Amino acid sequence: MKPRERVETALNHEIPDRCPMQISFTPEFADRLYHDMQMKGRGIHNPHGGGNTYELERVLGEDMLLTSVGWANSYYLDDKPYIDEWDIGWDIQPYQTPFGSGHYTEIVGHPLADDDAISDYQPPDPTRPELYDASRQMIRDFKDEYWIVGVTVTTIFETAWALRGYEQIMLDMSLNPDLANAIMEIPYRYHLTAAKKLVELGVDMIWIGDDMGTQDRMLISPIMWRQFLKPRMANFIAEIKSLNPTLKVAYHTDGKVDPIIPDLIEIGLDVLNPIQPASMDPAQIKKEYGDHLCFWGTIDEQRTLPFGKPSDVEAEIRHRLRTVGKDGGLILSPTHHVQLDTPLENFWMMVNTISNTPYSSI
Amino acid sequence: MDDGKHDLQYALFIHLNLGVAMEQYLEQISQAVVKGDQNATIELVQAAVDAQVDANTIMQKGLIPAMSDVGRLYEQGEYFVPEMLISARAMKAGLEIIKPLLAGSDLKPAGTVAVGTVKGDLHDIGKNLVGIMLEGAGFSVHDLGTDVSPEQFIEAIRTNQVDLIGMSALLTTTMPMMETTTNAITRAGLRNQVKIIIGGAPITQAYADKIGADGFAPDASQAVKLAINLVNQR
């Protein structure tokens, strides 16, 4: 089966030859992989897919390729502090692992921190043609073979909090909803324009995202989510699907969000990502919502991949295939970019187990 | 005689009404904090202070029970982070008014705590919530901020007579700094002086046990209970 057929089959709730696979990495883990495979990497690897060569993804046998337009591309822009085109300030935060050192880019400057800053704020222009050059090229190069995902994650809430400040945007949602709404409109409109353009260019799926879960509960109440996020997401999904009725839509949120899964199904979501196993039991979520929703993720990036043994990784994947993968509807993926603290033995066990386990053997 | 009797009756009258007024103030302060109404909290605390209600009483019977209610509502799933933040903001505003008065009283804090995210980690909302809930439970809180090195934690223990250290991490790649910091505190000869509690998305009780921390809490409300228990053990 071609990778794109494999994904299409799974997303139609049917059983492909093997479970589709998608894996993203931090730039440092990508470097380690290049080294391990004796490949020559080119440029900084963007885990969201902006400007990537897709060499690693294709060599590994992944089935979906990602191309990103939007604020999420501001991550990993530089190795020294920078201000992105949204005027959001970033700092460099180094860390050490047993396998070397790396750095994260972290948001530290919020251009809308002052209440009245919004009045003369100019967001970037999502209609600049050059924003879509890389996407146009990769669709031309790879769509015949791969399932292409247009990435516009950090769609509403996450960009809004970067603009305003994390605690402040949540205070606003309680105390100054008009301002919270006005701020959320900015990334919402930007990413909707970007997503529509990506659909016109021919992506198979749009991936939206905003982290709404903490480890053990929602960050904001379901009531507040229904007030601020649900209507925008509903309209976003409706507008992009009106351009292509066969388009699939995936949504990313970390953490525990089961109270809003029925709402997500109601507004037309096709695929939920990443189902963090420490927060929600993927088998249970499949049982409850698997008739209406597909799942992308489920491999524990908080415990199993960094701290487990290769046998734990293998056991977890087999368990997922038997439970969440039953009758298709699953794309296996780590629940976050693979981090530098992951032993290569675990990584290869993940890749090999997914690649070498036909559905017929489960 | 008559005058004396009247004085006594008057004093009793004042006393009873002041008592009623005090109870009302405290109850209203509590309600304002739980609702997250900062302006009402400020007005009510100021009115209570003006009516000679003791600052210590405002703290112990107004603000602390309110934040305890907020923690309970969070644990029960009725409150989420935004509701907790606005209650914390109201509580802090009330506390600012009485702080100068508390400084002159013989009130002892429930304990002295230093909190921070470990070196390499800038994700601070969990740490902030723990800090504010501890403050709302009567602890003296030194917020060391984010990206706090082992040396900074040690310095805080040495200079502030800290009973308890609270470390936070969101990431699996920064979480090992909790062990590094705990070991550094031990090497500095300070481990017996402080209790260490940890929290953050990837943290579990098993990890706390592994690195020799005294406890783990999954959220800010439970962190307060843990801190009270540990400080009381000392």
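This is a predicted model: local features need pLDDT of at least 70, side-chain atom pairs count only at pLDDT 80 or more; totals for chains, interfaces and linings use all residues.
1. Ground rules. Residues are numbered from 1 along each chain as its sequence is written, and chains are lettered from A, with ligands numbered from 1, in the order in which they are written. Local features need pLDDT of at least 70 and side-chain atom pairs count only at pLDDT 80 or more, while totals for chains, interfaces and linings use all residues.

2. Confidence. The model has an ipTM of 0.94 and a pTM of 0.93.

3. The side facing chain A. Here 18 residues of chain B are in contact (C-beta atoms, placed from the backbone, within 7 Å) with 25 residues of chain A. Helix 4 (81-103) and helix 5 (125-136) of chain B each give two or more residues to this side; helices are DSSP runs of H or I, at least four residues, numbered from the N terminus. Helix 4 of chain B supplies the largest share, five residues. By class, this side of chain B has ten nonpolar residues, seven polar and one charged.

4. A helix pair worth a look. Helix 6 (residues 150-160) and helix 7 (residues 176-187) of chain B pack with their axes 9 Å apart, at an angle of about 45°. Pro150(B), Phe153(B), Ile154(B) and Ile157(B) of helix 6 meet Thr180(B), Thr181(B), Ala184(B) and Ile185(B) of helix 7. This contact comprises six nonpolar and two polar residues, with no charged ones.

Technical notes
Two residues are in contact if their C-beta atoms, placed from the backbone, lie within 7 Å. Ala, Val, Leu, Ile, Met, Phe, Trp, Tyr, Cys and Pro count as nonpolar, Asp, Glu, Lys and Arg as charged, and the others, Gly among them, as polar. Axes are lines fitted to C-alpha atoms, for helices over the stretch in contact, and angles run from 0 to 180 degrees between N-to-C directions.
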